[in-house]
Amino acid sequence: MIRATKAVILLSIGLLMAACAPPTADLTDPPVDLGDFKLGHNIVVTPDPKLVPGSRRATDEEWKAAMTGAIDARFGRYEDGTRLYHFGISIDAYNLAAIDLPGVPTPKSALGVTVTVWYDAKGAKLNEKPKTITVLGIFSGAGIQPSKQVQLDNLSALAAREIQEWLLENPEWFGIASEPDS
C-alpha cells in the first residue's frame with residue numbers, strides 16, 4: 001500500500017513538472033514532420049486586442065516581437081521544405097496576470113489569436129475561416145506571476161506550439177499522406 005501511494009505521488013509530481021515545462025522545451029528536438037513546409041512571411045498584427053480587466057498592458061510592438069519570435073523559433077527550423085507557406089496572425093485578446101498577492105486569487109495569463117495560412121505557389125489561403133487559438137499561461141507554482149515579458153514570451157510560444165498542432169491536423173496541406181483511421 002505504501003509503495004502504491006509513493007508511486008502515485010511520484011507520478012503526480014512528474015506530471016505537474018511536465019505541465020510546468022517551458023513551451024519551448026521541445027525545440028531542441030528535431031522538428032515534427034510537416035512535409036514540404038518552409039516558413040515564408042510571418043506577419044503578426046494587433047488591430048484592436050481586447051484587454052481583460054486587471055491585465056497588465058503590453059504594447060502592440062511587444063506583442064508583435066514576442067509572437068514573431070515564437071513563430072520564427074518554432075517554424076524557422078523547417079529549412080528543408082520546398083514550398084513556402086505564410087502566416088497571418090492577429091492578436092485578438094490577452095490577459096497578462098498581475099503580481100500575485102498571497103491569499104488573493106488572480107487570473108492566469110491568457111492569449112487569444114486568429115491564424116490564417118497561405119500557400120505561396122497558389123497565392124491562396126489554406127484555411128477558409130481563420131483558426132482561433134486560445135492558450136492559458138503556464139503555472140509557475142511559486143505563487144508569484146512571472147514578469148510581463150516572460151508572460152508575453154510564454155504565451156506566444158504556447159500559441160506557436162498550438163499552431164503547429166493545428167497544422168499537423170491538416171497533413172494534406174503539406175504533402176503528407178494522412179494515416180487511415182483505425
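The model is a predicted one, so local features need pLDDT of at least 70 and side-chain atom pairs count only at pLDDT 80 or more, while totals for chains, interfaces and linings use all residues. Residues are numbered from 1 along each chain as its sequence is written, and side-chain values use heavy atoms, with hydrogens and water left out.

To start with the overall layout, the protein chain has three helices and six strands. Here helices (H or I, at least four residues) and strands (E, at least two) are DSSP runs, numbered from the N terminus. Read from that end, the order of the elements is α-β-β-α-β-β-β-β-α. Of the 182 residues in the chain, 35% are buried; buried means under 20% relative accessible area, exposed means over 50%, and partly exposed is in between (1.4 Å probe, protein chains only). Among contacts with a separation of 6 or more, 75% link residues 24 or more positions apart, where contact means heavy atoms within 4.5 Å.

Next comes a pair of helices. Helix H2 (residues 60–75) packs against helix H3 (residues 148–168) at an angle of about 45°, and their axes are 8 Å apart. Axes are lines fitted to C-alpha atoms, for helices over the stretch in contact, and angles run from 0 to 180 degrees between N-to-C directions. H2 and H3 are therefore oblique to each other, since angles under 35 degrees count as roughly parallel, over 145 as roughly antiparallel, 65 to 115 as roughly perpendicular and the rest as oblique. Residues making the contact include Trp63, Met67 and Phe75 of H2, and Leu152, Ser156 and Ile163 of H3. Sorted by class, this contact of H2 with H3 has 13 nonpolar, two polar and five charged residues. In that sorting, Ala, Val, Leu, Ile, Met, Phe, Trp, Tyr, Cys and Pro count as nonpolar, Asp, Glu, Lys and Arg as charged, and the others, Gly among them, as polar.

Two residues of H3 give a closer look. Ser156 lies in helix H3 and, at 0% relative accessibility, counts as buried. Leaving aside neighbours within four places in sequence, Ser156 is in contact with Trp63, Ala66, Met67, Ala70 and Leu111. Ala159, also found in helix H3, is buried, with a relative accessible area of 1%. With the neighbours within four places set aside, Ala159 is in contact with Met67, Leu111 and Val135.

Now for the inside of the protein. The largest nonpolar core has 35 residues, and Phe37, Phe75, Phe87, Leu111, Ile163 and Leu167 have the most contacts inside it. A nonpolar core is a set of buried Ala, Val, Leu, Ile, Met, Phe, Trp, Tyr and Cys residues joined through side-chain atoms within 4.5 Å. The largest share of this core, eight residues, comes from H3. Not counting residues up to four places away in sequence, Ile163 touches Ile71, Phe75, Phe87, Ile89, Val115 and Ile133.

Finally, Leu84 lies in strand E3 and counts as partly exposed, at 34% relative accessibility.
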